[in-house]
Amino acid sequence: MAGKKQDLIVFFLGNPLMGDDSIGLRIGGMLEERLRRLGVEVVVTSESGLSLIDHMHGRDTAIIVDAVSTGSKPGRIHIYDLSDSRAGGIMAPHYMGIPEVVKLMRSLGLSPPKKIILIGIEIAEPYVVSDSLTPIMKEKLPRLVERVYVEIARLIREN
Amino acid sequence: MRKIEINPITRLEGHGKIVVVLDDEGNATKAYLQIPELRGFEKFLVGRAAEDAPIITTRICGVCPMAHHMAATKALDDLYKVEPPPAAKKIREMVYNMFMLEDHALHVYILGGPDFIVGPKAPRMERNILGVLRKVGMETGLKVIRMRKMLRGLVQEIAGKIIHPVFGLPGGISKPLSQETVKKVREAADKALEFSLFTLDVFKKIVLSNPDYIKLITSDAYTHRTYYMGLVDAKNRLNFYDGYIRIVDPEGREHAKFDVHEYQKHIAEHVEPWTYVRFSYLRDVGWKGFVDGKDSGVLAVAPLARLNVSDSMPTPRAQEAYEDFYDMLGVKPVHHTLAYHWARIIEMIYAAERIKELAEDPDIEDQHVREIPSEKPSIGIGVVEAPRGTLIHHYETDGNGIIRKANLLVATQHNAARIALSIDKAARSLIKGGNIDDGLLNMVEMAFRAYDPCHACATHAAPGTMPIALYMYDHRGRLVRKVWLGKSRI
């Protein structure tokens, strides 16, 4: 798998009408071209859960860029490794998140990515219907784009 | 277990909660569902061009983009007083049925299925899609995934991006169908019908052959005698895309049948201080609180309601399944909430048959798919049956088509009062003497899950999924227990 960049897929997720929740999509829009030049596949989408199966099938590595709200400082970047199989321990009864999707793929023999990394961006305001970011996130956006790019480039090198 | 950081889909901190209040003896005396404030969508539409509504409203949430797209598109037809050509209407309806089928399948196998297929009291860790697959075989899992992929692929081919379709335009659709696409749809319809009949078979074998389940479905804890509402065609048969709104009373007699333009005459909205959900009720019957019966304006929508308001199914295999349904439950209307699951499967069969019917209609390949609007806009109202029930979009614009006022009347808010009734009744019937084990709590949860509720748009906001928790208080208001119920389409 080393060096085979086409085995890697980068997702940028979010809802374009939920203000700060669109941060992943915005960063994706700005990085799409640069990342494709590095030879990786990029998906910028509002889809989630089960719908991601089609894209993840057969990949070695998936990187997901998405908004998170954990209570820390807006603009902070959290990196989570979702690859580990503890996913089985958090199987929600009636909804599918990434860990559930991975587990489902595995049991159906659909080979999920071996490595799944979430780059979570702490947002300021998750509850406002708006097609723009809050001022604080708007201000942070240019720097976030670069920091996310650096993170992804690092992950690609390590892949 | 709550780990917001390891589930990127659960991006948001807020959560819905079911609150159960216990008396001295540990019996539930009251239970209700609370959803945090998420609003502002209608305001967001004001000042925008009406033509953008079919695109913007699909972004309300990722759960039913096609339902909003179609309701908005039909509202635009009405706004510009333009009648789409026959091919356009039929293609819209065909695509719409694909979406309904796929969405229902998701609920049957993943969201609601675990309760029945794995068992209502099975351990929480097994009550999920993997538990379902262990019971019905991995091959079924692959079938579900393949079916979804096939239908979504076709919707995308015809309507553009699955999550944000760019398809409906005032007076028609964006492009006609190619012969090749029509051929693919016909083949897909056959596979979809086979899959839907297979699903009914699974349900019969696992659920209907088990007397305990039948007892559960028909038990008083899950029964409410309410009014029902849904779209029907000219012969009072089921239709998801178009028709008249029909309401039947708790005895099954027609209470009203009207064109969507008259919806405000019939449906009113009740507001409670403890929730942001607006509760629909029948204006002429009146709001009498969270009670059922003929004197209470509480109504229900979605699969069970749609079967209850229909005199028959318009397609043969769905008709057979429909007759079985009423024969076995013995009475019409059926008032059992858990029968929603069964009704949903019957609707899958109908959707598959309807897709086939439309794909074989000679009009479907007609290249004339749009009438250009020429009237000056003022008011436009559109209706469809969304997976979760009757969905109405109502726009008022200035002479240039800029939205001045928008009202979205969504499915879950029609069901909201009955959902509140269901949670309360299930909790009071099941939680006794302080016995609050996991299985019992799930059975309370089942009371609302049957509706496949989606409070994202009932509170008029996104993103469509939300973690939900159960809080239990003693009579002094002290929190005695808090349980995470996982995520629901809330």
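Reader: How many bridges join strand 3 of chain A to strand 5 of chain A, and do they run parallel or antiparallel?
Author: Eight bridges link strand 3 (residues 61-68) of chain A with strand 5 of chain A, and the two run parallel. Helices (H or I, at least four residues) and strands (E, at least two) are DSSP runs here, numbered from the N terminus, and two strands pair if DSSP finds at least two bridges between them.
Reader: Before we go on, what should I know about the model and the numbering?
Author: It is a predicted model, where local features need pLDDT of at least 70, side-chain atom pairs count only at pLDDT 80 or more, and totals for chains, interfaces and linings use all residues. Residues are numbered from 1 along each chain as its sequence is written, chains are lettered from A and ligands numbered from 1 in the order in which they are written, and side-chain values use heavy atoms, with hydrogens and water left out.
Reader: Thanks! Which residue is the bridge partner of A:Val68?
Author: That is A:Glu122, in strand 5 of chain A.
Reader: And how does strand 4 of chain A run against strand 5 of chain A, parallel or antiparallel?
Author: Antiparallel: five bridges join strand 4 (residues 77-81) of chain A to strand 5 of chain A. In that strand 5, A:Gly120 stands opposite A:His78.
Reader: Is strand 5 of chain A mostly covered or mostly open?
Author: Mostly covered, as seven of the eight residues in strand 5 (residues 115-122) of chain A are buried. Buried means under 20% relative accessible area, exposed over 50% and partly exposed in between, with a 1.4 Å probe and protein chains only.
Reader: What about A:Thr45, buried or exposed?
Author: A:Thr45 counts as buried, because its relative accessibility is 8%. This residue sits in strand 2 (residues 41-45) of chain A. Apart from neighbours within four places in sequence, A:Thr45 is in contact (heavy atoms within 4.5 Å) with A:Phe12, A:Leu13, A:Gly14, A:Leu25 and A:Leu52.
Reader: Nice. Over to chain B: what is the order of the open sheet of four strands?
Author: The order is 7-6-5-10 in chain B, with mixed pairing. Strand 7 (254-258) and strand 10 (299-300) of chain B are the edge strands, each pairing on one side only.
Reader: How do strands 6 and 7 of chain B pair?
Author: Strand 6 (residues 244-248) of chain B pairs with strand 7 of chain B in the antiparallel sense, over four bridges. Opposite B:Arg246 you'll find B:Lys257 of strand 7.
Reader: Now helices. How far apart are the end C-alpha atoms of helix 4 of chain B?
Author: They are 36 Å apart, which agrees with the 38 Å that the 26 residues of helix 4 (residues 86-111) of chain B should span at 1.5 Å a residue. The expected span is 1.5 Å times one less than the number of residues. Helix 4 of chain B is also mostly covered, with 23 of its 26 residues buried.
Reader: And where do the axes of helix 8 and helix 13 of chain B go?
Author: The axes of helix 8 (residues 179-208) and helix 13 of chain B come within 8 Å and cross at roughly 160 degrees. Therefore helix 8 of chain B is roughly antiparallel to helix 13 of chain B.
Reader: What are the cut-offs there?
Author: Axes are lines fitted to C-alpha atoms, for helices over the stretch in contact, and angles run from 0 to 180 degrees between N-to-C directions. Angles under 35 degrees count as roughly parallel, over 145 as roughly antiparallel, 65 to 115 as roughly perpendicular and the rest as oblique.
Reader: Last one: where is the cis peptide bond?
Author: Between B:Lys332 and B:Pro333, with omega about 0 degrees. B:Pro333 is in the loop between helix 12 (316-329) and helix 13 (339-359) of chain B.
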